Amino acid sequence: MKTRTLSRRRLLGWGAAGVAAGAIGGSARFVPHLVPAAHGQTAAAPAIDEIVATTCSLCVNKCGLYAMVREGVIRTLEPNPTYPKSHGMLCAKGNSAISMLYDPNRLKSPLIRTGPRGSGEFRTASWEEALDHVAERLGAVRDELGPEGVLFSSTEGFQEEFFLWFTKVWGSPNVARHPTLCLASMVNGMFNTFGATPDFDLTRSRYVIMAGANRFESLVNPDSVDLMRGLGNGPKIVVVDPRFTITASKADEWLPIRPGTDLALVLAMIHVIIQEGRWDRDFVERYTVGFEELAEHVKPYTPEFAAGQCDLDAEVIRRIAREFADAAPRVVFYPGRRSSWNTNDTQFRRGIGIINAIVGAWDRPGALVPKAKIPLGEPDIFPPDDIEVGRLDGLEEAFPLANRRDGAYLNIRRAVLEADTPPVKAWMVYKQNPLHSVPESRKTLEMMEKLDFICTIDTQVSDTAWMSDVVLPESFYLERTDPLHSLSGAVPVVAMRQQVVPPRHDTRSCFWIMKQLAERLDRAEYFDFTMEEWIEAQAEDLPVSLEELRRKGYYADRDEPVFGKTLEEGYRFRTKTGKIELVSARYAENGYDPLPVYRPPSTVPSGRYRLLTGRTAIYTHSSLQSSRLLAEVDPDGPNLWIHPDVAARHGLEDGQETGIRSDFGEATVPVTVTDRIRADCVFLPHGFGHQSGLLPAWAQRGARSSDLIGSAEDRVTGNAAMHETSVELYPVASRPHAAVRTAAAHAPHGAQALPTGLRHEGGAS
Ligand SMILES: Nc1nc2c(c(=O)[nH]1)N[C@H]1C(S)=C(S)[C@@H](COP(=O)(O)OP(=O)(O)OC[C@H]3O[C@@H](n4cnc5c(=O)[nH]c(N)nc54)[C@H](O)[C@@H]3O)O[C@H]1N2
Ligand SMILES: Nc1nc2c(c(=O)[nH]1)N[C@H]1C(S)=C(S)[C@@H](COP(=O)(O)OP(=O)(O)OC[C@H]3O[C@@H](n4cnc5c(=O)[nH]c(N)nc54)[C@H](O)[C@@H]3O)O[C@H]1N2
Ligand code: SF4
Ligand SMILES: [Mo]
């Protein structure tokens, strides 16, 4: 087996620069004049000793920021005004980072379980002991079942590459990453149309349709910032959403669609555009295949048909289709991000790809833009071959076109549950909270019961960590240096995340943890490098120095998107035919509809409502509900949205608690009575109802959405289909309003058993 060595050449420079990350000479001179400018201030900047450029990690967006340090303490975080992905934005979540960093109740050291799983009985342990323990348990599973006996789960983040690297060199094909809970269907739909996943030039667009994508609450940058900046003089924005979201409230038009029917709308719009001759003939001719078949295919999808499905007005559908086509090519029918909605989701996203393609909204100003990426140097490591033996997700047969590196979450869980003897016996979880993020938590709990060993690497005792055998605390992002990260986009960037202050507690980086485990499990040769050497190798071919990167926080090779490369003579799209595929050759080959066929969502039995899920503006999934600061400013809370008609039917008043039950579980939750939602569905904000006794009381408000949502899957990717579940409401005895409850009272297995000092100080009301 070939192993790696880092070339000496790559070792030079980093050490010479003397960078104990965080102590960065020169940056203080560079930044202060930029920061006030970003805020339109003229007053002198506050007295600070040091300014460190770094990258927020509190959600997927990776916004650029400057940390202002005085006397070794971070005083404020300021958005990096020039960073191309966030353009001077730092959201509420990002700003909560300081309060999280200095929270006295943080997870401070490794924990080892001492009582029954879920009892909350842990003791603190040294790293030495905790790592020895993890290594011993993983080693035992490897001896019994082989390396494939360990399941690895993780969510994106800069340090995730070391977790994935460990997985690879360990040799397990059993990986469950977050995309099959999130964007897998959108990516697949776009890729099988354009051979690429696009970004968007929203600043130059004239007409933008957002189906669901809630950009003013579910922030995705630079899209959210670009749309906000454009309000008033930017594109016309049409929001299609069963809820009147903040995004809808800022839009020009809101279409309160019946959930799960969007593909009918898209097909009807294509029908109108073709029937009325409004497509871009030249573009379709030169760059696409399958137009004739498409024209035939959409004939039955009239606006009247869609109106019946979507509960919208046929004339409105016609008008929107015309306006969209007439404003083309500076238009974007936005394909969304969290596309884990329905079982036909990938076909819906394909429909969006197609409508953009036929009006020529591709690789031009104001339209969809293929993403570019700045290549990073690769350390000289020769990884072992991918192992496929013992693969549990069954992708080959079930989802041949799905991304093999991400797995299929629900399929893996099913395989473990259905096997007589468990094919995996250990679970390593990094930066992920599957008890919240994976539908049907009771099955996840069942799977946990079948496993001998669970280790979670987190920054807090999440519900998943609470059920684990060992919890390893990663340092907070402001306390660590991560590898460089190349973010693809219309304007690609290389982002730098560097340590601002040293770790406050006995925490470590994922890199360090993986290296330690590798050393204990005879994989040391694959981790024979330091973080500094890794970064050095990554930066080797960049045209900027590491010093410059550290000072600025990022590197970008352009200020503006470059348009038209894929439209040049001879360019071959990365599809089977080399063209933009209106008819998908790969889908046809694999037994899927080559043109998107509308299939209605699951029926909702009478007396029930479709359950919708999603996020609110100030939380990231289930990760920030523990922030006291955010809980105090939270405008939305964990409440279930219900329409006034629904409230009247059940005799519910605003703020009152209701029981909510699906075929998969039940919960109690307060309601918000609002006509900002349709009457045939209810909306449960995601990420509340924590059960870990080591999280504060305010994190326990509301209901855990994964307790209610069933395990439906998208047909093409295996992406979870989270909006196929229906619920009923039932009365519950009125309880005092649950804004602040004691942690002990609501911890499922009695937090009393916790050693003193572990329990959350803010828990008592
Ligand atoms: N019901 C429902 N389910 C959903 C969704 C939904 O809207 N509703 N959304 C889906 C989507 S789009 C996604 S992307 C997934 C996300 O699913 P997850 O990735 O599971 O998201 P989180 O709930 O934020 O859990 C992240 C965990 O990582 C921890 N963490 C945060 N920062 C760090 C760090 O620096 N290091 C380490 N080691 N840990 C850290 C947090 O404390 C938290 O426990 O959920 C999906 N599931
Ligand atoms: N504040 C905040 N921002 C985030 C995140 C976060 O956790 N918090 N997470 C990030 C991540 S990982 C992701 S994936 C993105 C997700 O960003 P989005 O894709 O925007 O996801 P959601 O918040 O789930 O919002 C989905 C919207 O779709 C609507 N909807 C539900 N069903 C239907 C339907 O059938 N048709 C239509 N047209 N609309 C429907 C819902 O009412 C909701 O408003 O957000 C990112 N940004
Ligand atoms: S959107 Fe907010 S939480 Fe997410 S990276 Fe940007 S500042 Fe951080
Ligand atoms: Mo996501």
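In what order do the 3 strands of the open sheet run, and is their pairing parallel or antiparallel? The order is E1-E2-E3, and the pairing is antiparallel. Keep in mind that this is a predicted model.

Strand E1 (50–55) and strand E3 (73–79) sit at the edges with a single partner strand each, so one side of each has no neighbour in the sheet. From one strand to the next, the twist averages 30°. Zooming in on one pairing, E1 and strand E2 (residues 64–70) run antiparallel and share 6 bridges. Glu 50, for instance, has Val 69 in E2 as its bridge partner.

Strand E22 (residues 609–614) pairs with E27, and so does strand E24 (residues 657–661).

| Strand pair | Sense | Bridges |
|---|---|---|
| E1 and E2 | antiparallel | 6 bridges |
| E22 and E27 | antiparallel | 2 bridges |
| E24 and E27 | antiparallel | 4 bridges |

On to the helices. Helix H15 (residues 303–310) and helix H16 (residues 314–327) have axes that come within 8 Å and cross at roughly 115°, and the crossing is right-handed. On the H15 side, Pro 303, Glu 304, Ala 306 and Ala 307 make the contact, and they meet Ala 314, Ile 317 and Arg 318 in H16. That contact has 5 nonpolar and 2 charged residues, with no polar ones.

How many of the 11 residues of helix H23 (residues 510–520) are buried? The count is 8, so the helix is mostly covered, taking buried as under 20% relative accessible area. The buried residues are Cys 510, Phe 511, Ile 513, Met 514, Lys 515, Gln 516, Leu 517 and Ala 518. Their cover includes helices H7 (127–145), H8 (160–170) and H24 (531–539), as well as strands E15 (426–430), E16 (453–458) and E17 (470–473). After H23 comes Asp 522, with a positive phi near 40°.

Technical notes
Residues are numbered from 1 along each chain as its sequence is written. Chains are lettered from A and ligands numbered from 1 in the order in which they are written. This is a predicted model: local features need pLDDT of at least 70, side-chain atom pairs count only at pLDDT 80 or more; totals for chains, interfaces and linings use all residues. Side-chain values use heavy atoms; hydrogens and water are left out. Two strands pair if DSSP finds at least two bridges between them. Axes are lines fitted to C-alpha atoms, for helices over the stretch in contact, and angles run from 0 to 180 degrees between N-to-C directions. Buried means under 20% relative accessible area, exposed over 50%, partly exposed in between (1.4 Å probe, protein chains only). Contact means heavy atoms within 4.5 Å. A crossing is left-handed if the near helix is turned anticlockwise from the far one by less than a right angle, and right-handed if clockwise. Ala, Val, Leu, Ile, Met, Phe, Trp, Tyr, Cys and Pro count as nonpolar, Asp, Glu, Lys and Arg as charged, and the others, Gly among them, as polar.
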